[in-house]
Amino acid sequence: MQELIKVAVDAMGGDHAPSEIVKGAVEAVNSQEQVKVILVGRESAVQAELQKYQYDASRVEVVNATEIIEMAEPPVQAIRMKKDSSIVVAMKMVKNGEAEAFVGAGSTGAVLVGGQVIVGRIKGVERPPLAPLLPTEKGASLLIDCGANVDARPSHLVQFAKMGSIYMEHVMGVKNPRVAIVNIGAEEEKGNALVKETFPLLKECKELNFIGSIEARDIPSGYADVIVCEAFAGNIILKLYEGVGSTLISMVKKGMMTNLRSKTGALLVKPALKETLKRFDTSQYGGAPLLGLKGLVVKTHGSSKAVEVRNSILQCVTFTQQQMNEKIKAGIQVNENQEGNGSHGI
């Protein structure tokens with residue numbers, strides 16, 4: 001029997017905690033035999049939700065945590081002061097090897113701070129980036145970074161590209177993933193100072209399939225597999241992507257219900273339309289991993305429902321099976337050694 005992959009889940013984080021978090025955890029356990037979920041939070045509240053479902057009790061554990069880090073709290077202070085919060089307790093389980101991964105829908109700032117301070121960075125990783133998958137016409141593309149490093153440097157973006165390329169190849173199965181940097185035009189001379197300085201560095205990376213710049217309008221078409229940017233631009237892209245997607249879906253549904261003729265047409269196209277719209281549902285890919293840490297940390301949307309929580313947990317199984325942290329660690333160390341050897345060769 002294969003060893004279970006243990007995922008510590010913050011049961012108290014997010015707009016719909018603990019109900020949707022617990023529901024998603026149970027769905028993950030019922031759909032994947034290799035996962036064990038450790039729900040961290042106020043035990044009485046979590047147990048009350050668990051009583052609603054049927055599941056393998058040997059693969060669901062509840063760990064009590066009496067405190068909750070609220071969305072508006074200063075992240076650094078909250079991580080330091082609330083030692084018995086669900087985020088801190090769950091992340092310490094990852095740090096101590098009691099769980100392979102953490103999943104949380106709570107405060108993004110607290111998850112980012114906790115990931116770096118508690119779980120810790122892989123040696124050689126300058127800044128861990130948040131990297132969500134965006135649905136595209138050709139499947140999915142990785143947006144890296146979408147919220148962790150607003151003031152990134154060129155060397156950070158180069159590492160983001162390398163980690164993103166490793167992720168897409170080994171987790172998503174994309175051979176020789178195409179890497180592009182977000183820009184305001186296709187020409188190499190365009191962009192702000194950060195893009196202009198980073199572009200030639202990416203171009204020099206022999207291990208990357210760098211294809212140049214990508215404009216925001218080309219992202220939905222799947223022009224690139226790894227989309228590199230600093231967190232300010234990345235977060236804007238992500239939020240606009242989600243907003244436009246949900247608005248279009250809502251408008252299409254309303255348009256089909258305007259009169260008898262449109263309703264009749266809706267019945268005919270419903271199966272095909274449902275399948276098409278499902279492909280552009282970001283929840284199917286789970287959350288955004290914070291790459292470059294010693295353990296896996298996945299941040300899901302604050303508004304996550306059970307389906308996204310479930311998929312985030314299952315995402316951790318694939319990540320762990322593919323030994324992503326080991327691959328990232330090896331990739332970073334190889335590059336450091338190459339740079340070191342080069343500097344002594346003159």
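**Figure 1. Helix 1 (19–31), strand 2 (35–41) and strand 3 (60–64) are among the elements that cover the buried residues of helix 2.** The model shown in this and the following views is predicted. Helix 2 spans residues 43–50, and its buried residues are V46, E49 and L50. These residues lie on the same side of helix 2, because the arc they cover around the axis is only 100°. An α-helix has 3.6 residues a turn, so residues three or four places apart point the same way.

**Figure 2. Helix 4 (residues 86–95) packs against helix 5 (residues 108–119).** The angle between the two helices is about 35°, and their axes are 10 Å apart. Their crossing is right-handed. From helix 4, the residues I87, V88, M91, K92, V94 and K95 meet A110, V111, G114, G115, I118 and V119 of helix 5. Sorted by class, this contact has eight nonpolar, two polar and two charged residues.

**Figure 3. Five strands form an open sheet in the order 5-6-9-7-8.** Pairing in the sheet is mixed. Strand 5 (133–136) and strand 8 (209–214) are the edge strands, each pairing on one side only. From one strand to the next, the twist averages 30°.

**Figure 4. Strand 6 (residues 139–144) pairs with strand 9 (residues 226–228) in the parallel sense.** The pairing runs over three bridges. L142 stands opposite V226 of strand 9. Helix 8 (residues 231–255) packs on the sheet and touches strand 5, strand 6 and strand 7 (178–182). The direction of helix 8 makes about 45° with that of strand 5.

Key
Residues numbered from 1 in each chain as written. Predicted model: local features only at pLDDT ≥ 70, side-chain atom pairs only at ≥ 80, totals over all residues. Heavy atoms only, no water. Axes fitted to C-alpha atoms, helices over the stretch in contact; angles between N-to-C directions. Helix = DSSP H or I, 4+ residues; strand = E, 2+ residues; numbered from the N terminus. Left-handed = near helix turned anticlockwise from the far one by under 90°. Contact = heavy atoms within 4.5 Å. Nonpolar A, V, L, I, M, F, W, Y, C, P; charged D, E, K, R; others polar. Buried < 20%, exposed > 50% of the residue type's maximum accessible area, 1.4 Å probe, protein only. Arc of directions from axis to C-beta. Pairing = 2+ DSSP bridges.
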